[in-house]
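This report covers one protein chain, starting with a single side chain and ending with the chain as a whole.

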Amino acid sequence: TFNKNISLLEGLVIKLFKDGIFVSNASTISVTDNVLNFDDFTTTFENGNYSIVVQSGFIYNGNEVFGGYALNEWTFTIADGEFDNTEFDNTEFLTT
């Protein structure tokens, strides 16, 4: 989400890397006002460190141009949970 409405130049490519290795391009990229939408990475997400790379110069508002994200600037991690359901009994948490 940007703080101003944005537009895209044709040819924008958004890439997904896992542990520094290229995995996939986003196959769907669109804009709604100030929100950049992208998805449909052709991969099954597994445990690892991910980075999303957005090209510089393809997202703009008037004369302002977004500088993009390079490898390891926008990251997230997928990891196994630290607990499993056998470690808690039904009285430990308030549930509805």
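## Ser-24

In this predicted model, the side chain of Ser-24 comes to 2.9 Å from the backbone nitrogen of Thr-42. Ser-24 belongs to strand E3, which covers residues 21-25.

The relative accessibility of Ser-24 is 3%, so the residue counts as buried, the cut-off being under 20%. Apart from neighbours within four places in sequence, the residues in contact with Ser-24 are Ile-14, Lys-15, Leu-16, Phe-41 and Thr-42.

## Thr-77

Is Thr-77 buried or exposed? Its relative accessibility is 53%, and therefore Thr-77 counts as exposed, since the cut-off for that class is over 50%. The residue sits in strand E9, made up of residues 75-78.

With neighbours within four places in sequence set aside, Thr-77 is in contact with Gly-48 and Asn-49. With Asn-49 there is a polar contact, side chain to side chain, at 2.8 Å. Lys-18 lies 59 residues from Thr-77 in sequence, and the C-alpha atoms of the two are 9.3 Å apart.

## Two loop residues with positive phi

Most residues other than glycine have a negative phi. Asp-19 has a positive value, near 50°. Asp-19 is located in the loop between strand E2 (14-18) and E3. With a relative accessible area of 45%, Asp-19 is partly exposed, because that class lies between the 20% and 50% limits.

Asp-33 is not a glycine either, and its phi is positive at about 60°. The loop that holds Asp-33 runs between strand E4 (28-32) and strand E5 (35-39).

## The chain as a whole

Which secondary structure elements make up the protein chain? There are nine strands and zero helices, giving the pattern β-β-β-β-β-β-β-β-β along the sequence. Among contacts in the protein chain with a separation of 6 or more, 57% are between residues 24 or more positions apart.

The protein chain has 96 residues, and 21% of them are buried; Ser-24 is one of the residues that count as buried. The accessible surface of the protein chain is about 7000 Å², and carbon and sulfur atoms account for 48% of that surface.

Note on methods
Residues are numbered from 1 along each chain as its sequence is written. This is a predicted model: local features need pLDDT of at least 70, side-chain atom pairs count only at pLDDT 80 or more; totals for chains, interfaces and linings use all residues. Side-chain values use heavy atoms; hydrogens and water are left out. Helices (H or I, at least four residues) and strands (E, at least two) are DSSP runs, numbered from the N terminus. Buried means under 20% relative accessible area, exposed over 50%, partly exposed in between (1.4 Å probe, protein chains only). Contact means heavy atoms within 4.5 Å. A polar contact is a pair of N or O atoms within 3.5 Å; within protein, one must be able to donate a hydrogen and the other to accept it, and residues adjacent in sequence count only if both atoms are side-chain atoms. Accessible areas come from the Shrake-Rupley method with a 1.4 Å probe; for residues, only the protein chains shown count as cover.
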